[in-house]
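Biologist: I am new to this structure and would be grateful for a close look at a single part of it.

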Amino acid sequence: MAKSAKREWAACFGVLALLVGVGTVTTFAAPRRAQAQQQPARTPEQIFNRACGRCHPGGGEDIGPDIHNANKTVEQMTTIIRNGTKRMRPITPARLSDPDLEAMLPYLRSLHAVH
Ligand code: HEC
């Protein structure tokens with residue numbers, strides 16, 4: 001009787017130790033994984049260059065029109081980006097995340113593309 005209780009306790013302790021071990025590994029591994037997934041800090045201009053610069057280089061005309069002084073509201077600009085226009089295909093969150101879209105706004109403001 002006493003022997004089986006002891007064995008039970010040992011099993012219980014084993015499970016506990018395992019949980020603590022897994023917890024420790026997860027706690028230490030998680031921030032590193034998050035850091036690896038995080039994009040390096042980029043300026044609003046760099047975000048624009050990557051998402052829009054191919055067609056609006058520096059906000060100027062190429063495949064797309066010059067967007068200087070387009071003077072859109074943030075809402076209008078977001079709609080243009082997410083829904084596209086006649087000839088501009090929608091830019092999905094996979095290509096430009098919502099936080100990146102927001103972080104890019106100061107650059108669009110500097111072009112007076114948004115006010
Ligand atoms: C693959 C090319 C391409 C990319 C990438 C692109 N655009 Fe465009 N964009 C266009 C074209 C083409 C037009 C003209 C659309 C039309 O006439 O229907 C346009 C039009 C626009 C307009 C004017 C729309 C209007 O109704 O006045 C704005 C503003 C704009 N783009 C902003 C952006 C922003 C901001 C990005 C990046 C998030 C971007 N575009 C990425 C091709 C692109």
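Biologist: At what angle do helix α2 and α4 pack, and how far apart are their axes?

Modeller: Please note that this is a predicted model. Helix α2 covers residues 44–51, and helix α4 covers residues 98–110. The two pack at an angle of about 110 degrees, and their axes lie 7 Å apart. Angles of 65 to 115 degrees count as roughly perpendicular, and α2 is therefore roughly perpendicular to α4. The crossing in which α2 passes α4 is left-handed. On the α2 side, the contact is made by Pro-44, Glu-45, Ile-47 and Phe-48. On the α4 side, Asp-100, Ala-103, Met-104, Pro-106 and Tyr-107 take part. By class, the residues of this contact comprise 7 nonpolar and 2 charged, with no polar residue.

Two residues of that contact, Met-104 and Pro-106, also belong to the description of how α4 itself runs. Helix α4 bends by about 35 degrees at Met-104, and the proline Pro-106 follows within four residues. After α4 comes His-112, which has a positive phi, near 60 degrees.

Key: Residues numbered from 1 in each chain as written. Predicted model: local features only at pLDDT ≥ 70, side-chain atom pairs only at ≥ 80, totals over all residues. Bend = angle between axes of the 7 residues up to and from the residue. Axes fitted to C-alpha atoms, helices over the stretch in contact; angles between N-to-C directions. Parallel < 35°, antiparallel > 145°, perpendicular 65-115°, else oblique. Left-handed = near helix turned anticlockwise from the far one by under 90°. Contact = placed C-beta atoms within 7 Å. Nonpolar A, V, L, I, M, F, W, Y, C, P; charged D, E, K, R; others polar.
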